[in-house]
Amino acid sequence: MHGEYKVPGGKLVVVDLDVEDGRIASFHLAGDFFLEPDDALEAIDRAVNGLDAAADSTDLAAAIRSGLPEGTQMLGVTPEAIAVAIRRSLSRATDWRDYDWQIVHDGPVSPNMHLALDQVLTEEVGAGRRGPTLRFWEWDQPAVVIGSFQSLKNEVDPENAEKYGFEVVRRISGGGAMFMDAGSVVTYSLYAPGDLVQGMSFADSYAYLDEWVITGLKSMGIDAFYQPLNDITSAKGKIGGAAQKRLGNGALLHHATMSYDMDGDRMVQVLRIGREKMSDKGTTSAAKRVDPLRSQTGLPRAEIIERLKQTFTGLYGASTGHVTESELAAASALVESKFATPAWLARVP
């Protein structure tokens, strides 16, 4: 069995192993990480060989750590990362390049249509009717998108939302509110088979699925990094956040919103907890704009999206795709039956 795991912000970990009588055998670790002393590599191999193949990542990491020679230095790799690679090999996880990815960047649709498309396209990937897809959102009206489990009345000031023309909608994934004025953020969704993150915890999968974004932002001059659980950030403050939903058909939805240039004063009027959100983004005054992508790159929003597309394609390969007519029809029906209904929006009052 063969497993690979690119450590977010670190190096590639590669493992090969067999399973004999329920135990790990013939284990060998490799990769482009740094490890001192040299015999630490053989020590890790010895520590893993003979372990129960059903052991979870925590137990595997503990065994690896206890087997390391005193004073071992590990750069770009950790016992936890090796454990993830082992679990991925045992579960026969797939890799990004095992798939033919599509990148979809169609014209603007309504906020509820975006949310319905997220559900439909994830279901289509799970059913095998669509290949794994990266989709960038476009919209031409302001909206607040609250998480699946957020309280509507605690999160949004309805009078100010109506005053400033912000439609309030609810998505299927958890996490916090997305303040989305037209052209003010960069939002993307990944629709992928669950096998892509086999062997990973939820926390590990967040950073893994957004590693390409960190690479893209760095190429544009942003000192970006991932901050657990789900934040994309930089030395100058938070840039965005991600959310995830895994469906019973084996597919997963992973999407993220990054601030391009938002009106901070408007945000704290529409969102009841806006002041805390502003502070979280490293902004000292509510009246200041939240503009990490614009100010740190100096690039138009459209150019940032194009650069992110190029990064993804260069790393994993991808072709240009579009949402099909049948997918649009299914999403439209779902807007009417679910996302645009008062029952869904107020599912958590």
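Visitor: What is the volume of the largest pocket, and which residues lie nearest its centre?

Guide: In this predicted model, the largest pocket has a volume of about 480 Å³. Its lining comprises 29 residues, and those nearest the centre are Y5, P8, A203, D204 and A207.

Visitor: Which elements each supply at least two residues of that lining, and which gives the most?

Guide: At least two residues come from each of helix 2 (57-66), helix 3 (79-90), helix 7 (202-209), helix 8 (211-219) and strand 12 (224-227). Helix 2 gives the most, with five residues. By class, the lining of the largest pocket holds 17 nonpolar, seven polar and five charged residues.

Visitor: How do you know that the lining of the largest pocket draws on domain 1 and domain 2?

Guide: The domain assignment divides the protein into domain 1 (2-91) and domain 2 (102-346), and each of these contributes at least three residues to the lining of the largest pocket.

Visitor: What makes domain 1 and domain 2 count as being in contact, and how many residues take part?

Guide: Contact requires heavy atoms within 4.5 Å, and on that basis ten residues of domain 1 are in contact with ten residues of domain 2. The centres of the two domains, taken over C-alpha atoms, are separated by 34 Å.

Visitor: Why is D261 called buried?

Guide: The relative accessible area of D261 is 17%, and since buried means under 20%, D261 is therefore classed as buried. D261 is found in the loop between strand 15 (251-259) and helix 9 (264-270).

Visitor: What makes the approach of D261 to R294 a polar contact?

Guide: The side chains of D261 and R294 come to 3.1 Å, a value to be set against the cut-off, which asks for a pair of N or O atoms within 3.5 Å, one able to donate a hydrogen and the other to accept it. The pair is accordingly listed as a polar contact.

Visitor: Is D231 buried or exposed, and what does its side chain contact?

Guide: D231, which is found in strand 13 (residues 231-234), has a relative accessibility of 13%, and because the limit for buried is under 20%, D231 counts as buried. Its side chain is joined to that of K238 by a polar contact of 3.3 Å, the cut-off for such a pair being within 3.5 Å.

Visitor: Why is D21 called exposed, and where does D21 lie?

Guide: D21 has a relative accessibility of 81%, and because exposed means over 50%, D21 counts as exposed. D21 lies in the loop between strand 2 (12-20) and strand 3, and its phi is near 55 degrees, a positive value in a residue other than glycine.

Visitor: Why is R92 called exposed?

Guide: The relative accessibility of R92 is 58%, and since the limit for exposed is over 50%, R92 counts as exposed. R92 is found in the loop between helix 3 and strand 6 (101-104), and has a positive phi of about 55 degrees although it is not a glycine.

Visitor: Which residues of helix 1 are buried, and what covers them?

Guide: In helix 1 (residues 40-48), the buried residues include A40, A43, I44, D45, A47 and V48. Their cover includes strand 3 (23-31), strand 4 (34-36), helix 2, strand 5 (73-75) and helix 3.

Note on methods:
Residues numbered from 1 in each chain as written. Predicted model: local features only at pLDDT ≥ 70, side-chain atom pairs only at ≥ 80, totals over all residues. Heavy atoms only, no water. 1 Å grid on protein atoms, 1.4 Å probe; cavity = no way out; pocket = protein on both sides within 12 Å on 5 of 7 lines; lining within 4 Å. Points joined across faces, edges and corners; volume = space filled by probe spheres on them. Helix = DSSP H or I, 4+ residues; strand = E, 2+ residues; numbered from the N terminus. Nonpolar A, V, L, I, M, F, W, Y, C, P; charged D, E, K, R; others polar. Domains from an automatic or database assignment. Buried < 20%, exposed > 50% of the residue type's maximum accessible area, 1.4 Å probe, protein only.
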